[in-house]
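Student: I have a structure open and would like to go through a few spots in it with you. Can we take them one by one?
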Amino acid sequence: MPKRINIEIDDIIEGHFIDDDLSNIEKDELKFSDCIFENIKFINCKFSFSSFIDCKFINCDLSNAKMHESFFLRCEFKESKLIGTNFIDSSFKYIDFNNNLMNYINFNNADLNNINFNDNKILRGSFNYIDKFKNVKFKANDLKESEFIKTNLKDIDFSDSYIDGIAVSIEYLKGLTINMYQTIEFTKLLGINIK
């Protein structure tokens with residue numbers, strides 16, 4: 001039988017949590033370890049300064065959640081909603097984002113290391129001012145109108161992702177991989193007209 005999440009406990013270790021609603025709950029410095037969250041609503045919750053280690057979020061709704069300055073290690077987000085989720089100043093290591101709706105997500109000033117973004121919709125996502133953007137892979141994502149301002153895109157491959165309207169800092173493009181059709185989008189960023 002699935003367990004209910006007891007948010008009054010600061011350390012939540014090992015559990016498979018299904019069909020629970022934690023919307024609008026505010027509690028900082030929580031520690032989650034070895035947890036599976038399935039069909040859980042975290043809508044508009046505030047779990048800042050928290051840690052999530054070896055956790056899976058499956059078909060969850062984290063829309064408008066505030067998880068800034070939090071730590072995520074070896075986690076997976078799968079088929080979940082992260083619309084407007086705030087991860088400002090958070091740290092992510094060895095994370096998989098698979099088939100999620102992530103419009104308006106905010107990773108500004110976060111550390112992203114060994115991250116896989118696979119088949120996500122990330123309309124107007126913010127990936128700005130990221131100093132640690134290492135071994136980040138984008139595979140078949142919709143990044144329409146997303147921002148990568150002052151984020152080093154060296155070794156990043158957008159070639160099979162949709163990037164119309166993307167915003168980047170020109171001085172951080174060296175080493176970025178795009179496909180032939182995407183070069184048109186980047187010539188617009190450079191102010192070059194093609195006839």
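Student: Where does Asn106 lie, in terms of the strands around it?

Tutor: Asn106 lies in the loop between strand S7 (91–98) and strand S8 (111–118), where strands are DSSP runs of E of at least two residues, numbered from the N terminus. Please keep in mind that this is a predicted model, in which local features need pLDDT of at least 70 and side-chain atom pairs count only at pLDDT 80 or more, while totals for chains, interfaces and linings use all residues. Residues are numbered from 1 along each chain as its sequence is written, and side-chain values use heavy atoms, with hydrogens and water left out.

Student: Is Asn106 buried or exposed?

Tutor: Asn106 counts as buried because its relative accessibility is 18%; buried means under 20% relative accessible area, exposed over 50%, and partly exposed in between, with a 1.4 Å probe and protein chains only.

Student: And what is Asn106 in contact with, beyond its neighbours within four places in sequence?

Tutor: With those neighbours set aside, Asn106 is in contact (heavy atoms within 4.5 Å) with Thr85, Asn86, Phe87, Ile88 and Ser126. A polar atom of the Asn106 side chain also lies 2.8 Å from the backbone nitrogen of Asn108.

Student: You mentioned Phe87, so how are the rings of Phe87 and Phe92 arranged?

Tutor: A search of the whole structure finds 33 aromatic pairs, a pair being rings of Phe, Tyr or Trp (its six-membered ring) with centres within 6.5 Å, and with planes under 30 degrees apart counted as stacked, over 60 as edge-to-face and the rest as tilted. The pair Phe87 and Phe92 is edge-to-face, because the planes stand at 85°, with the ring centres 5.0 Å apart. Both Phe87 and Phe92 are buried.

Student: Switching topic, how many disulfides does a search of the whole structure find?

Tutor: The search finds 0 disulfides, a disulfide being a pair of cysteine sulfur atoms within 2.5 Å. Cys35 is in none, and the nearest cysteine sulfur, that of Cys55, is 4.6 Å away. Cys60 is likewise in no disulfide, with the sulfur of Cys55, the nearest one, 11 Å away.

Student: What about the loop with Asn44, and which side chain does Asn44 join by a polar contact?

Tutor: Asn44 lies in the loop between strand S2 (31–38) and strand S3 (51–53), and at 33% relative accessibility Asn44 counts as partly exposed. Its side chain is joined to that of Lys66 by a polar contact of 3.0 Å, which is a pair of N or O atoms within 3.5 Å; within protein, one must be able to donate a hydrogen and the other to accept it, and residues adjacent in sequence count only if both atoms are side-chain atoms.

Terms used. Helix = DSSP H or I, 4+ residues; strand = E, 2+ residues; numbered from the N terminus.
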